[in-house]
Amino acid sequence: MAGSRRKSPGITPEILLRAYSIGLFPMAESADDPEIFWVEPELRGVLPLDSFHVSKSLAKTIRRHPFEIRFDHDFDAVIAACAEATSDRPSTWINHTIRSLYSTLHRMGHAHSVEAWHDDQLVGGLYGVSLGSAFFGESMFSRRTDASKICLVHLVARLRDRQFTLLDTQFTTEHLKTFGAIDVPKDEYAVMLAAAMDSPQLKF
């Protein structure tokens, strides 16, 4: 993982928000590891809101409305699902401390979820942190084909509608690159982040 790491002996929701505002985010080595460390990548993943790309096949799926999309309906269930080990993700960086901190941020109005529901069952979703005019995407999960992708499309639509300027994805993946995600050098990202932090807190 490129970038710097700094161990964190203790962390509060207020410290967590301050960290986001200066370009840091927390991770754990595994779900069972109580330690948390700060990460500051040399290349930061960003999904430009003005050039977000949806494939024709995904757009066709969305038009069929396969899921009911809800916002902040069951935040704790989303982060719990993101923390679960799966066959293609046997380990996760979301430990108990992180789950507790982000649940508190949710109650404070700074952490949010986008959720896909089918037959009143949660089948996909994502969560992240809202600060200034930035949204910091944290993790996503999917129990049905395209569920998390459709949640991402709805997230971007919501951020655009509310005049957000920055969608941070932390790192880029081949999956995110299909939507237009790019790697931004740390110095360039710092300028983008500072501009987003100069904004009043936007309503998610």
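Start by selecting helix H3 (residues 75–83) and helix H4 (residues 96–108). Phe75, Asp76, Ile79, Ala80 and Ala83 of H3 meet Ile98, Arg99, Tyr102, Ser103 and His106 of H4, where contact means heavy atoms within 4.5 Å. By class, these residues divide into six nonpolar, two polar and two charged. Here Ala, Val, Leu, Ile, Met, Phe, Trp, Tyr, Cys and Pro count as nonpolar, Asp, Glu, Lys and Arg as charged, and the others, Gly among them, as polar. Helices (H or I, at least four residues) and strands (E, at least two) are DSSP runs, numbered from the N terminus.

A word on what is on your screen: this is a predicted model, in which local features need pLDDT of at least 70 and side-chain atom pairs count only at pLDDT 80 or more, while totals for chains, interfaces and linings use all residues. Residues are numbered from 1 along each chain as its sequence is written, and side-chain values use heavy atoms, with hydrogens and water left out.

**The H3–H4 geometry**

Two packed helices are described by the angle between their axes and the distance between the axes. For H3 and H4, the axes come within 10 Å and cross at roughly 155 degrees. Axes are lines fitted to C-alpha atoms, for helices over the stretch in contact, and angles run from 0 to 180 degrees between N-to-C directions. The two helices are therefore roughly antiparallel; angles under 35 degrees count as roughly parallel, over 145 as roughly antiparallel, 65 to 115 as roughly perpendicular and the rest as oblique. The crossing of H3 and H4 is right-handed: a crossing is right-handed if the near helix is turned clockwise from the far one by less than a right angle, and left-handed if anticlockwise.

**Next: H1 against H4**

Show side chains for Pro13, Glu14, Leu16, Leu17 and Tyr20 of H1, and for Leu101, Tyr102, Thr104, Leu105 and Met108 of H4, to see who makes the contact. Eight of these residues are nonpolar, one is polar and one is charged.

**Past the end of H4: His110**

Now move to His110, in the loop between H4 and strand S6 (111–118). Is His110 buried or exposed? With a relative accessible area of 15%, His110 is buried; buried means under 20% relative accessible area, exposed over 50%, partly exposed in between (1.4 Å probe, protein chains only). Not counting residues up to four places away in sequence, His110 touches Leu17, Leu105, Gly128, Val129, Ser130, Leu131 and Gln201.

**Two positive phi angles**

Select Asp72, in the loop between strand S5 (68–71) and H3. Asp72 is not a glycine, although its phi is positive at about 55 degrees. Asp72 is partly exposed, at 27% relative accessible area.

Then jump to Asp119, in the loop between S6 and strand S7 (121–131). Asp119 is not a glycine, and its phi is positive at about 50 degrees. Asp119 counts as exposed, at 65% relative accessibility.

Centre on Arg143, in the loop between strand S8 (134–142) and helix H5 (147–161). Its relative accessible area is 44%, so Arg143 is partly exposed. Which residues does Arg143 contact, leaving aside neighbours within four places in sequence? Look for Ala81, Glu84, Leu122 and Val123. The side chains of Arg143 and Glu84 are joined by a polar contact of 3.4 Å (a pair of N or O atoms within 3.5 Å; within protein, one must be able to donate a hydrogen and the other to accept it, and residues adjacent in sequence count only if both atoms are side-chain atoms).

Arg144 lies in the loop between S8 and H5 and is partly exposed, at 39%. Leaving aside neighbours within four places in sequence, Arg144 is in contact with Phe67, His118 and Val123.

**Last stop: H2 against H5**

Finish with helix H2 (residues 56–63) and H5, which pack at an angle of about 85 degrees with axes 11 Å apart. H2 and H5 are therefore roughly perpendicular to each other. Leu58, Thr61 and Ile62 of H2 make the contact with Lys149, Ile150 and Val153 of H5. The classes here are four nonpolar, one polar and one charged.
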